[in-house]
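This report concerns one protein model. The sequence and structure are shown first, followed by an account of selected elements.

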Amino acid sequence: MRCPFCGCEDTQVKDSRPTEENSSIRRRRVCPDCAGRFTTFERVQLRELMVLKRSGRKVAFDRDKLVNSVNVALRKRPIDADRVERMVSGIVRQLEASGESEIASSVIGELVIDALRGLDPVAYVRFASVYRDFREVADFESVLGEIARDTIPDAGKPLKGGDRADSEPGRPEAKAVAARLPRAKSSGETH
Ligand SMILES: [Zn+2]
């Protein structure tokens with residue numbers, strides 16, 4: 001592995017250890033020429049995946065880019081980096097298992113949205129609102145409705161007259177998301 005600092009071709013492995021439930025190996029390397037230290041990850045790559053963009057352009061699938069866009073959505077959220085890595089690895093496995101060598105960027109976006117939905121509701125709404133290009137309050141309402149159905153057991157049942165959604169014992173995350181968004185309705189209902 002070439003040294004990224006001085007270009008020396010011959011770097012030494014100081015330490016190897018498995019990460020992410022053995023799906024990759026992390027290596028600490030040191031350059032004998034400049035003493036620069038860096039880390040490499042070794043992963044199984046089943047085959048080269050190409051991404052078909054909305055513009056019609058094709059680019060090689062880039063795992064790091066995917067991690068970056070997920071991290072933007074998770075900014076300042078209390079989610080462990082290991083969980084993000086596992087989530088991204090899960091998405092990559094799904095892409096590889098699909099049997100397609102070319103995958104539409106929209107398919108990847110929807111997989112990320114689904115995965116974030118289970119990981120962090122705030123990041124989920126952030127990513128979905130950018131990715132799906134929300135323009136109207138109704139778009140937020142439909143996503144908040146999905147969160148409510150996921151997190152509030154009785155949300156699918158029709159409410160009796162006079163009952164309000166915010167009197168349900170919902171999980172706090174859904175309410176936290178709602179509090180960060182523009183008020184969808186003046187009544188305070190979550191769906
Ligand atoms: Zn070097």
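## Helix H3

In this predicted model, helix H3 covers residues 105–119, and its end C-alpha atoms lie 21 Å apart. That separation agrees with expectation, because 15 residues at 1.5 Å a residue should span 21 Å.

Four residues of H3 are buried, namely Ile108, Val112, Ala115 and Leu116.

Strand E2 (residues 24–30) pairs with strand E1 (residues 12–19) in the antiparallel sense, over seven bridges. Within this pairing, Arg27 of E2 stands opposite Ser16.

E2 also pairs in the antiparallel sense with strand E3 (residues 37–43), again over seven bridges; here Ile25 stands opposite Glu42 in E3. The two strands E2 and E3 form a hairpin with six residues between them, and Ala35 in the turn has a positive phi of about 70 degrees.

## Confidence

The mean pLDDT of the protein is 77, and 69% of the residues score at least 70. Confidence is highest in strand E4 (residues 50–52), at a mean of 92, and lowest in helix H6 (residues 172–180), at 52.

The pLDDT is below 50 over residues 161–171, a stretch with 16 contacts beyond near neighbours in sequence. Residues 183–191 also have a pLDDT below 50, with 18 such contacts in the model.

Definitions and conventions. Residues are numbered from 1 along each chain as its sequence is written. This is a predicted model: local features need pLDDT of at least 70, side-chain atom pairs count only at pLDDT 80 or more; totals for chains, interfaces and linings use all residues. pLDDT is the predictor's confidence in each residue, from 0 to 100. Two residues are in contact if their C-beta atoms, placed from the backbone, lie within 7 Å. Two strands pair if DSSP finds at least two bridges between them. The expected span of a helix is 1.5 Å times one less than its number of residues. A residue is buried if 20 or more other C-beta atoms lie within 10 Å of its own, exposed if 12 or fewer, and partly exposed in between; C-beta atoms are placed from the backbone.
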